[in-house]
Amino acid sequence: MDGSETCPAATCRRDGNKLRDGRKHQVLTDTGGLLLEVTVTATNVHDSVAAPELIEAFMAEPGRLLKLVWADSAYQGPVLAEAFAAHGVWAEVVRRPDGTDGFVLARRRAVERTLVALAGPATEPRPRAPT
């Protein structure tokens, strides 16, 4: 989420890979795209560092249950593996099969739709011409 004009300096950092200022959403959705939990971080915080906080926030509420999490390759590492293991959650990294094209994989489509909805319209709507 670009926030270069509205982001307070204390919570807004630069993502070196994408060369953007702003914040990132870490989201946990069900398979239909229903938002279960969200955390917001500065863009320079790696996904594998922010995800344990997301899992902890979701699991802190009584009665919540996760068995399987599908994630992209950014959500790996020992700290994240420990967070999943502490709650008995199995994490499966979804990778694009070799030789295939396209950006969004079938299992990630639900979360991508949720991220688009969180971001809002990409551009201002054009005014209608008078009739």
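**Strand pairing and packing**

Q: How many bridges join strand 4 to strand 5?
A: Four bridges join them, and the two strands run parallel. Keep in mind that this is a predicted model.

Q: Which residue is the bridge partner of leucine 68 in strand 5?
A: Tryptophan 90 is the partner of leucine 68. The chain gets from strand 4 to strand 5 by way of helix 2, and this β-α-β crossover is right-handed.

Q: And what stands opposite alanine 71 in strand 5?
A: Valine 93 does.

Q: Which side chains of strand 4 point to which face?
A: They alternate. Val69 and Ala71 point to one face and are buried.

Q: Now helix 2. Which residues are buried there?
A: Helix 2 spans residues 78-86, and Leu80, Ala83 and Phe84 are buried in it. They lie on the same side of helix 2, because they cover an arc of only 95 degrees around the axis.

Q: Why would residues three or four places apart point the same way?
A: An α-helix has 3.6 residues a turn, so such residues point the same way.

Q: What do the buried residues of helix 2 pack against?
A: Three elements: helix 1 (47-59), strand 4 (68-71) and strand 5 (90-93).

Q: And the other side of helix 2, which residues are exposed there?
A: Pro78, Val79, Glu82, Ala85 and Ala86 are exposed on that side.

Q: What follows helix 2?
A: Glycine 88, with a positive phi near 70 degrees.

Q: What about the glycine just after helix 3?
A: That is glycine 120. Its phi is positive too, at about 80 degrees.

Q: Which residues are buried in helix 3 itself?
A: Helix 3 covers residues 109-119, and Ala110, Val111, Glu112 and Thr114 are buried in it.

Q: Switching to aspartate 72. Where is it?
A: Aspartate 72 sits in the loop between strand 4 and helix 2.

Q: Is aspartate 72 buried or exposed?
A: Buried, because its relative accessible area is 19% and the cut-off for buried is under 20%.

Q: What does aspartate 72 touch?
A: Val93, Val94 and Arg108, leaving out residues up to four places away in sequence.

Q: Zooming out, what pattern does the protein follow along the sequence?
A: The pattern reads β-β-β-α-β-α-β-α. There are three helices and five strands in the protein.

Q: How many residues does the protein have, and what share counts as buried?
A: The protein has 131 residues, and 31% of them count as buried.

Q: What about surface? What do carbon and sulfur atoms supply?
A: The protein exposes about 9,300 Å², and carbon and sulfur atoms supply 55% of that.

Q: Last topic, confidence. What is the mean pLDDT of the protein?
A: The mean is 76, and 69% of the residues reach 70 or more.

Q: Where is confidence lowest, and where is it highest?
A: Lowest in strand 1 (residues 13-15), at a mean of 48. Highest in helix 1, at 91.

Technical notes
Residues numbered from 1 in each chain as written. Heavy atoms only, no water. Buried < 20%, exposed > 50% of the residue type's maximum accessible area, 1.4 Å probe, protein only. Arc of directions from axis to C-beta. Contact = heavy atoms within 4.5 Å. Areas by Shrake-Rupley, 256 points an atom, 1.4 Å probe, with all protein chains shown as cover. pLDDT = per-residue confidence, 0-100. Pairing = 2+ DSSP bridges. Right-handed = clockwise from strand over helix to strand, strands pointing away.
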